[in-house]
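Reader: I have a model open on my screen. Could you take me through it?
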Amino acid sequence: MYTTRYANIALLVTTLIQYPFIMKKPYSNAEQVPSLWFPLVKKFYQAHYPSGKPNKADPIWVIRHENKILCAVRLKHIAGAQLLTAMVTAPSHRNIGLGSHLINSIHPALSEMPTYCFAFTHLVPFYHANHFTTISAKMLPEELENRLRAYTAQGRNLTPMCYIRR
């Protein structure tokens with residue numbers, strides 16, 4: 001009995017050492033932002049990701065804790081698909097698994113239609129770990145392919161990816 005208990009504790013400690021990004025606090029699941037929250041979301045993006053301008057027309061999902069937004073993502077609907085974009089976590093809450101928790105919490109919304117993202121190269125492993133796979137730009141819907149081409153022409157180093165968890 002004690003051997004099993006100690007083995008489980010040892011496994012937990014080993015896991016936390018190998019994967020330090022695992023969430024240590026239980027945070028709530030993501031919530032879709034109602035229109036009344038839009039000013040708070042806009043302020044969050046201005047503070048932590050100024051180029052990630054939120055749009056009232058797009059579904060925005062957040063994780064909050066003690067009435068503060070900690071993590072947000074936008075799903076932009078384009079040509080029968082959606083683009084996961086403007087994902088940001090408050091700097092004080094990065095590298096604890098909150099981004100992964102957000103993506104897993106919105107699985108039903110990501111599965112409604114084909115979902116793509118344009119990942120910065122350094123974030124490709126994060127998206128791979130969260131059910132996205134790298135795809136060729138030719139596999140994107142035409143409008144998304146055009147957007148990707150425009151973004152890369154501006155010097156952005158982006159990788160097209162598709163959500164594959166069903």
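Author: A definition comes first: two strands pair if DSSP finds at least two bridges between them. Strands (E, at least two residues) and helices (H or I, at least four residues) are DSSP runs, numbered from the N terminus. The model is predicted: local features need pLDDT of at least 70, side-chain atom pairs count only at pLDDT 80 or more, and totals for chains, interfaces and linings use all residues. Residues are numbered from 1 along each chain as its sequence is written, and side-chain values use heavy atoms, with hydrogens and water left out.

Reader: In which sense do strand 3 and strand 4 pair?
Author: Strand 4 (residues 81–89) pairs with strand 3 in the antiparallel sense, over seven bridges. Leu83 in strand 4 is the bridge partner of Lys76.

Reader: And which residue takes a positive phi in that hairpin?
Author: Ala79 does, near 50°, in a hairpin with two residues between the strands.

Reader: How many bridges join strand 2 and strand 3?
Author: Six, again antiparallel, with strand 2 spanning residues 60–65. Ile69 in strand 3 stands opposite Arg64. Two residues lie between these strands, and Glu66 has a positive phi near 50° in this hairpin.

Reader: Why is strand 3 described as largely enclosed?
Author: Nine of the 11 residues of strand 3 (residues 68–78) are buried, so the rest of the structure largely encloses it. Buried means under 20% relative accessible area (1.4 Å probe, protein chains only).

Reader: Changing topic: is His101 buried or exposed?
Author: His101, in helix 3 (residues 98–105), is buried, at a relative accessible area of 16%.

Reader: What does the side chain of His101 reach?
Author: The backbone oxygen of Ser28, at 3.0 Å. The His101 side chain also makes a polar contact with the side chain of Asn29, at 3.4 Å. A polar contact is a pair of N or O atoms within 3.5 Å; within protein, one must be able to donate a hydrogen and the other to accept it, and residues adjacent in sequence count only if both atoms are side-chain atoms.

Definitions and conventions: Buried < 20%, exposed > 50% of the residue type's maximum accessible area, 1.4 Å probe, protein only.
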